[in-house]
Amino acid sequence: MSAIDVHAHWFPPEWLDLIEAEGAADGAKVGVNKKGWKTLTTPGAVLVQNFQPDMVDLEIMISEMDKAAIDVRVFSLTNPMVYWASPEFGLKMSRAFNDACAAAHVKHPTRFLGTIMLPMQSPELAVRELERAAKLPGMCSVYMAMHINGLNLDQKSYWPVYEKIEALGLPLSLHPVNPCGVERMKVFHMRNLIGNPHEAAIAAASLIFGGVLDDFPKMQVVLPHAGGSFPWLIGRYDNGVATRHELDHMKQPASAYLRRFYYDTISHSPQILRFLMEMVGADRIVIGSDYNFDAGYPRPVEFVDTIPALTKAEREQILSRNAMEVLKLKERFRKIYDALK
């Protein structure tokens with residue numbers, strides 16, 4: 001059975017070279033750690049990003065995919081993304097990443113797909129880049145942080161971006177960057193263990209309560225980390241809709257939106273995945289690896305096989321059928337679709 005990993009990270013050499021050459025003007029500091037890997041520090045970020053070879057070199061990544069029984073990997077950026085920079089340099093970095101993803105797809109047309117990075121600190125530039133990048137080969141989704149420099153995703157200034165995403169028929173894939181409350185999570189790796197999952201709850205609430213999902217009813221959203229804490233707060237969200245005047249504008253409970261999202265498998269708990277499947281349906285679960293961070297799965301297919309009472313049909317849905325659906329492989333990437341059938 002084929003497997004599609006929708007949550008995997010890549011730092012293209014061209015993107016790194018651009019930051020090393022021009023990023024200092026926007027406050028970026030590129031260094032080298034004791035292992036000889038390049039590092040990056042950006043303004044306002046607590047995390048110093050390390051660029052290990054297996055997240056830069058495509059040939060290493062293909063070898064790791066084969067070991068993990070992954071047929072197709074969908075590339076995305078992660079920390080620090082591009083919002084820390086000026087709008088102009090954010091656009092330049094977005095273009096560099098998007099072009100590199102397209103080139104990787106052209107070189108390996110049945111193994112790699114890319115997600116579109118946008119300079120959301122300037123929605124006007126973001127729309128312009130979205131129009132351009134959507135025409136590139138291999139681009140299957142739009143990628144966005146769960147906040148943009150501290151602004152939640154229900155900012156009306158983002159509506160033109162959502163409108164274009166919906167018009168293009170692309171899903172919106174989300175990922176945490178610089179989680180809130182980091183001043184209280186500096187120890188025990190809590191920034192990642194707690195902060196990242198809670199960002200999904202804030203992002204989903206912003207999309208639901210802020211009217212994004214109502215105004216753009218055809219736009220599908222992919223959440224990482226099994227939806228983080230969002231699915232498990234849905235009862236509180238529903239109670240808030242029923243009792244709080246701040247949510248008087250809501251025309252239906254928050255739980256009515258659960259199936260507007262897809263959820264990846266990165267929960268590190270087979271039982272939680274089974275609960276999630278019962279809540280949202282097996283047809284809304286997709287494989288994620290979080291390649292290649294220790295918060296993810298080196299062998300994501302093996303994790304799926306540990307889900308209690310997993311049926312053959314559910315396994316096929318999670319490994320590839322659901323990803324084929326949300327990414328529209330049959331319509332947009334026939335070569336991959338035919339190779340995976």
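Strands are DSSP runs of E of at least two residues, numbered from the N terminus. Strand 8 holds H175.

This is a predicted model, in which local features need pLDDT of at least 70, side-chain atom pairs count only at pLDDT 80 or more, and totals for chains, interfaces and linings use all residues. Residues are numbered from 1 along each chain as its sequence is written, and side-chain values use heavy atoms, without hydrogens and water.

**H175**

H175 has 3% relative accessibility, so it counts as buried (under 20% relative accessible area, 1.4 Å probe, protein chains only). Its side chain makes polar contacts with two other histidine side chains. A polar contact is a pair of N or O atoms within 3.5 Å, where one must be able to donate a hydrogen and the other to accept it.

| Side-chain pair | Polar contact |
|---|---|
| H175 and H7 | 3.3 Å |
| H175 and H9 | 3.3 Å |

Beyond four places in sequence, H175 is in contact (heavy atoms within 4.5 Å) with residues including T78, M81, Y143, P224, H225 and D290.

**Cavities**

The whole structure has 4 cavities of 30 Å³ or more. A cavity is a set of points on a 1 Å grid over the protein atoms alone where a 1.4 Å probe fits but cannot get out. Volume is the space filled by probe spheres set on the points. The largest cavity has about 70 Å³. Its lining residues (an atom within 4 Å of a point) are V6, H7, Y143, S173, L174, V222, L223, P224 and D264.

Notes:
On a 1 Å grid over the protein atoms alone, a cavity is a set of points where a 1.4 Å probe fits but cannot get out, and a pocket is an open set with protein on both sides within 12 Å along at least five of seven lines; lining residues have an atom within 4 Å of a point. Helices (H or I, at least four residues) and strands (E, at least two) are DSSP runs, numbered from the N terminus. Buried means under 20% relative accessible area, exposed over 50%, partly exposed in between (1.4 Å probe, protein chains only).
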